[in-house]
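Good morning, and thank you for making time for this presentation.

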Amino acid sequence: MKKDEIIRVLKILVRNKLSLLGIIIILVLLITAIFAPWLAPYPEQAEGEPNLGEKLLPPSSKHWFGTDYMGRDVLSRVIYGARISLLVAVSVVALGLIIGVPLGLLAGYKGGVIDAVIMRTTDVFLSFPPLLLALLISVTLGRGLENAIIALGVSWWPWYTRLIRGMAVSLKEKPYVEVAKSMGISNWKIIGRHILPNAISPVIVQGTMDMGSAILEASALSFLGLGVQPPTADWGLMVSQGKDYLLNYWWYPTFPGLAIFITVIAFNLVGDTLREILDPRLRRRFL
Amino acid sequence: MNELLSIEDLYLNFRTFWGMAYVLNGVNLKIYKDEVFGLVGETGCGKSVTSMSILQLLPSNAEISGKIIFEGQNLLELSEKEMKKIRGEKISMVFQDPMSSLNPLFKIKTQMVDVIKLHHDMSKEEALQRAKELLKAVNLPDPDRILESYPHQLSGGMRQRVMIALALSFNPSLLIADEPTTALDVTIQKQILDLILELKEQFHFSVLLITHDLGVVAETCDRVGVMYAGNIVEIADVEELFENPLHPYTQGLLSAIPDPRYKKPLKPLRGNVPSLLEPPPGCRFHPRCDHMMPVCKKEKPKLIEYSKNHYVACHLYGGGEK
């Protein structure tokens, strides 16, 4: 894409109110993540220092989001959590796409034995309950955030492979692919020019939606002691720990939960508009 | 006249789930330089498959034998790499459906420059210049605007012109047009066919025009081949074929054209196109033929020259004797 086209896409994104909202939320999250130490009222508590004198206090002017079972400021921890959550969301989906998309293109376009081998491999991966596979890989690799990301990405790619393989199978029968072949264009160029760009939009939508799930699953791994290690602030981990306190101390799990919710929605809003912009036939309605 | 393409005894089978489909049953035809050769026949008689065999773009379940001699070399013996040079550079193709023959995601500019740069060693600006010339050659007004358009912003006729421009980008010696006007309305059909004839004079290529429309054949072609169930049953000059059809199938086809001058009832061919999984033995047309003889069930008639430049494959004209 050329510079002027990028600018035009950005303009369309900004003009659409819902996607503008999504962009603003994601920008706020990014800024929050980058400047967390300056934004958080109690950075040392966000990094894990207990403050047992102020255990489970409700929201007040001193602690806007209340405090948790160790007396730590929930707002500060939510702000710090944005760092981990964004990192996890983006890298898990990116890893899944890097592995899944090329394999799906290959399987769909080439067909035959290659298709069979790749698709049966995805079947093997998908036959595990989703979290169990990530858990297995995570246990093998050892605890820690990086390993949790790798484990999730590696268990995630088959979804993208399936999605893009289905698109590729139907796209390779399109007349413009036939035309390209009749003009002596190589298979790699056909995949890059014709198959991938036409197949990618559902994957982009799926990917943005998956960012939310990735945050949730990473938090599940953290909860089981495999992902992010306490006392690091992580939204998922906070929800997991806070859920036992929900009835009496609602603020503890609610605010990190809301943070996850808003993040997922923001990615979805942007994803939806992106999908429409990526298709020139739908783009018309924005111009 | 110089021979450009010669197909000799082309047999093509497809391995399918239901068994072997015998699609082409010994096709023989020649295309000369600077001529328009029409290939007519019903849906499924093997017209398009013949053109795909020439370009070697067949699915992997195809078994092919015979010879396709193009400019002195047998295309069936070329490697995939050599074939890629032939496609586009020597033989190019215009397809039936202009609405979906262009990638909807890219501007015409991008798609044309891609193809032009593929075979010519050119900078992007030169390729763009060439694209403009080509669009002018196919009579598209305002090439700059067309280049900046997406396919959905153009009409069917304009898109087919763009496709023709693309097909001409390397001065091919053979242009295969596979029902190029089927998806267009009648006035545009005429324009596109006239354009192809005009460009043929300008760029000196031969045309293999595949169609099921005898009207199109009468208007555009120099010579015609009639196909039935994977065989060429008759080849003749266009006037000769319409005035003096020899093969019973050709006769049947011609009498099935409505003629507003005489309000006589149409005489459709009886029966159906045979299944290619179990084609009739001998002459594949015999179950539908009014002149069927015992030999038709046993022996496949050969394509013989019955009168000058008029070939027919039928036992009525002694096809079995040679």
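Let me begin with a definition: two strands are said to pair if DSSP finds at least two bridges between them. Please also keep in mind that what you see is a predicted model.

With that definition, consider Glu8(B), whose bridge partner in S4(B) is Lys67(B). The two strands concerned, S1(B) and S4(B), are paired in the antiparallel sense, and eight bridges link them. On S2(B), strand S1, which covers residues 3-16 of chain B, has an antiparallel partner joined to it by eleven bridges. One of the pairs there is Tyr11(B) with Asn25(B). Another places Thr16(B) opposite Gly19(B). S1(B) and S2(B) together form a hairpin, with two residues between them.

These strands belong to an open sheet of four, in the order S2-S1-S4-S5 of chain B, with antiparallel pairing. Strand S2 (19-32) and strand S5 (73-74) of chain B are the edge strands; each has a single partner, so one side of each has no neighbour in the sheet. Helix H1 of chain B, residues 47-55, packs on this sheet and touches S1, S2 and strand S4 (62-70) of that chain. The direction of H1(B) makes about 75 degrees with that of S2(B).

I turn now to the loops of chain B. For context, most residues other than glycine have a negative phi. Gln56(B) counts as buried, because 20 C-beta neighbours lie inside 10 Å.

Asn139(B) likewise is not a glycine and has a positive phi of about 60 degrees. Its loop runs between helix H4 (124-137) and helix H5 (143-147) of chain B. Is Asn139(B) buried or partly exposed? Asn139(B) is partly exposed, because 14 other C-beta atoms lie within 10 Å, whereas a buried residue needs 20 or more.

Let me step back to chain B as a whole. Chain B contains eleven helices and twelve strands. Its C-alpha atoms fill a box of roughly 65 × 50 × 40 Å along the principal axes. For 322 residues, a compact globule would have a radius of gyration near 20 Å, and the 21 Å of chain B agrees with this. Of the 322 residues in chain B, 45% are buried. Among contacts in chain B between residues at least 6 apart in sequence, 62% join residues at least 24 apart.

Finally, chain A. How many of the eight residues of helix H11 of chain A are buried? The number is seven, and H11(A), residues 235-242, is accordingly described as mostly covered. Among the buried residues of H11(A) are Trp235(A), Leu237(A), Met238(A) and Val239(A).

Ile185(A) is buried, because 21 other C-beta atoms lie within 10 Å. Neighbours within four places in sequence aside, Ile185(A) is in contact with Ala180(A) and Ile190(A), and also with Leu118(B). By comparison, Gly271(A) is 86 residues from Ile185(A) in sequence and 32 Å away in space, C-alpha to C-alpha.

Thank you for your attention.

Terms used:
Residues numbered from 1 in each chain as written. Chains lettered and ligands numbered in written order. Predicted model: local features only at pLDDT ≥ 70, side-chain atom pairs only at ≥ 80, totals over all residues. Contact = placed C-beta atoms within 7 Å. Axes fitted to C-alpha atoms, helices over the stretch in contact; angles between N-to-C directions. Buried ≥ 20, exposed ≤ 12 C-beta atoms within 10 Å, placed from the backbone. Rg over C-alpha atoms; globule rule 2.2 N^0.38 Å.
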